[in-house]
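Subject: Structure handover

Hello,

Please find the structure below. My notes on it follow.

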Amino acid sequence: MPDIDKKDRPVTSVTDQEALDFHAMGRPGKLEINPTKPMATQRDLSLAYSPGVAVPVKAIAADPQTAYDYTARGNMVAVISNGTAILGLGNLGALASKPVMEGKSVLFKRFADVDSIDLEIDTENVDEFINCVRFLGPSFGGINLEDIKAPDCFVIESRLRELMDIPVFHDDQHGTAIIAAAGLINALELTGRDLKTTKLVCNGAGAAAIACVELIKAMGFAPDNIILCDTKGVIYQGRTEGMNQWKSAHAAMTDARTLEEAMKGADVIFGLSQKGAFSADMIRSMADRPIIFAMANPDPEITPEEVARIRDDAIMATGRSDYPNQVNNVLGFPYIFRGALDVRASTINDAMKIAAVKALANLAREDVPDDVVAAYQGNRPRFGAQYIIPVPFDPRLISAIPVAVAEAAIETGVARKVITDMAGYARELSARRDPIASTLASLYERVRRRPKRIVFAEAEEEQVLRAALSYANQQLGTALLLGREDLIRATAERAGIDLNRPGLEIVNARISTRVDAYIDYLYARLQRHGYLHRDAQRLIHNDRNHFAATMVALGDADGMVTGITRNYSTALEDVRRCIDEKPGHRVIGVSLALCRGRTVFVADTAVHDMPTAEQLADIAEEAAGLARRMGYPPRVAMLAYSTFGHPSGERSERVREAVKILDKRRVDFEFDGEMAADVALNRKVMEQYPFCRLSGPANVLVMPAFHSASISTKMLQELGGSTVIGPILVGLDKAVQITSMGAKDSDIVNMAAIAAYGAGS
């Protein structure tokens, strides 16, 4: 195992006071409840409560399954504990467990958009606990048990699963088992081992340890190759001291009596016990290329640094976030419940758990997107000894695990709702966490039906290569990688990218057979603008933007994307030497601002500094056209600091004149102005102006100048929590998109897809 460098680890340590301040600041705790329906008028109240509420009451009484349609039950999980085994702190009581349970509820929402309520039950009596929880079934779609001591947790979960017709899942058991099993599959792959012949020792015989052993046996691990140990040593057949029915089920036929004896020659060791349980001699005695999962929290049985000093061939995982390969339950429970809830499953069975294991393991083998790199301080993990388990902030978890779980639930007959379009379901899941995914979903679908050849003009850059690979993998078309082939291949090798995958083509400008045609084309365009033939040669030979744009202009590609290595205006100037405006159109930049479920188009955010009235009218038409093409009936507000003449001023006069120009043009979309932003976006404020021609809040905002457009979109991002796409380039005769400098691979893919969509339309 390579040395662990502490400076490369994420900084995760916090002081006691920081933790207390975090929980106390603002509104105490970590949760609040917000209504999902309007509550502004008397009519709203009549629909939400009496008399309107009587209608769904009767419907549910007639058919209980309609509760999933008319209430929040189908997206609601109860997180329940009695505080008898809180984290690594022991039995501190139900009330003390509340911060943990609130935290669990927050994680449900943050990672899988599952609503959750924490319930702390103040009893250590198993029967009382069961009787309390069993009657909560009508309120929730699932029950997540947490921090309950063994063996009580086994009895509680087993009996509640029998008594309730919704999933009951003790995360301390199954969550740990699922994540550990996923890591184990990949570690076995990397070390060339087979599931059926590998020898594993599990130290610890509590809830998580028993669940790990049961799950890997269900996956095909040979029972005779597993030895379970507790504080008294090996759990062997015939042992009577400190035994119970759950331990006895996994008693091994072996002569080993101590952990040290059991670990001799072992391929894998699972630690779910306590700090320091594994000695250096134990680790030395293991087989070649040992797999060591030291999962005790907060301190592992042995640290990666200690293992690295003993041997250099180990694959290591722990339960801590400051080491590679963290066995973190947040990778499992939110997404497992997401899939179970979405098919209205009656339980979470072994097939669903194994499906989650395989989905997690497969995800770790895929290329890692920039979103993950950003969350982990620029370190890009790659499948190998230091990366066998996905990291919690991987955005693909939401679309990978729930789909696998839902499919398994349907196949095993525990689903009460069948999803037939799993690909569509995966896209819906992505949209729950990523507003961009929701906005661009239909656009991506249209591009897939008519795939396009898009030039990635800066393909020597790693994030561009990753974006190109993603573009091809999503079947959006062919990614043309423009650059020097040796540098592209060197970058791909460093990044672990396979350039032999379908949908990737390298275009080497220096040896292209089309170079002369491109030079002639560009010289013909520029010869009356002060350019010599050798100037055109230089631009085609040496500048990627001119080469790419000329490829598109002459039909050798459908579109292009560029921008990460030079600023927007420079890239646009390069492109416009090669490609004209669309006849009768004006080139502008439009940004999409996505905030709180609303999508607003903001123009012009890229081209015109201080537009005239005529230019403002053109900008309105171009922006409205883009909104319509993306499926939004445009309602255009011409913004200013004034509203319908008050206060008056020269700059507002330009906006008023633009409205008159649009009137004369008889455009086919709603528009009005001049108006302030709050009038344009707030229906109540707009109602103060009954003569306003907009039928509702505007979804296209035409800014009076570039500076106001740029400032407002950046403020929306930083202060309003909005997601902003773009600027999207509109008005060119060919499909070209320019990203911001240093854009992430996901941003580049989105712009490439928008270019492909523009080429198709």
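The buried residues of helix H20 are Gln-463, Val-464, Leu-465, Arg-466, Ala-467, Ala-468, Leu-469, Tyr-471 and Ala-472, where buried means under 20% relative accessible area, exposed over 50% and partly exposed in between, with a 1.4 Å probe and protein chains only. Helices (H or I, at least four residues) and strands (E, at least two) are DSSP runs, numbered from the N terminus.

This is a predicted model, in which local features need pLDDT of at least 70 and side-chain atom pairs count only at pLDDT 80 or more, while totals for chains, interfaces and linings use all residues. Residues are numbered from 1 along each chain as its sequence is written, and side-chain values use heavy atoms, with hydrogens and water left out.

From first C-alpha to last, H20 reaches 16 Å, close to the 16 Å expected at 1.5 Å a residue; the expected span is 1.5 Å times one less than the number of residues.

Strand S3 (residues 142-145) runs parallel to S4 and is joined to S4 by 3 bridges. Leu-145 stands opposite His-170 in S4.

- Contact means heavy atoms within 4.5 Å. Axes are lines fitted to C-alpha atoms, for helices over the stretch in contact, and angles run from 0 to 180 degrees between N-to-C directions.

The axes of H26 (residues 613-629) and H27 (residues 650-665) come within 8 Å and cross at roughly 60°. That makes H26 oblique to H27; angles under 35 degrees count as roughly parallel, over 145 as roughly antiparallel, 65 to 115 as roughly perpendicular and the rest as oblique. The crossing of H26 and H27 is right-handed, meaning that the near helix is turned clockwise from the far one by less than a right angle, with anticlockwise being left-handed. Residues of H26 in this contact include Leu-616, Ala-617 and Ala-620, and those of H27 include Ala-658, Ile-661 and Leu-662.

Finally, two single residues. Pro-334 is in helix H14 (residues 333-342) and counts as buried because its relative accessibility is 0%. Not counting residues up to four places away in sequence, Pro-334 touches Leu-107, Phe-108, Phe-111, Ala-112, Val-114 and Asn-329.

Ile-401 lies in helix H17 (residues 397-411) and, at 0% relative accessibility, is buried too. Ile-401 and Ala-356 are 45 residues apart in sequence and 5.5 Å apart in space, C-alpha to C-alpha. With the same exclusion of residues up to four places away, the contacts of Ile-401 include Ala-356, Ala-359 and Leu-360.

Regards

Key
Pairing = 2+ DSSP bridges.
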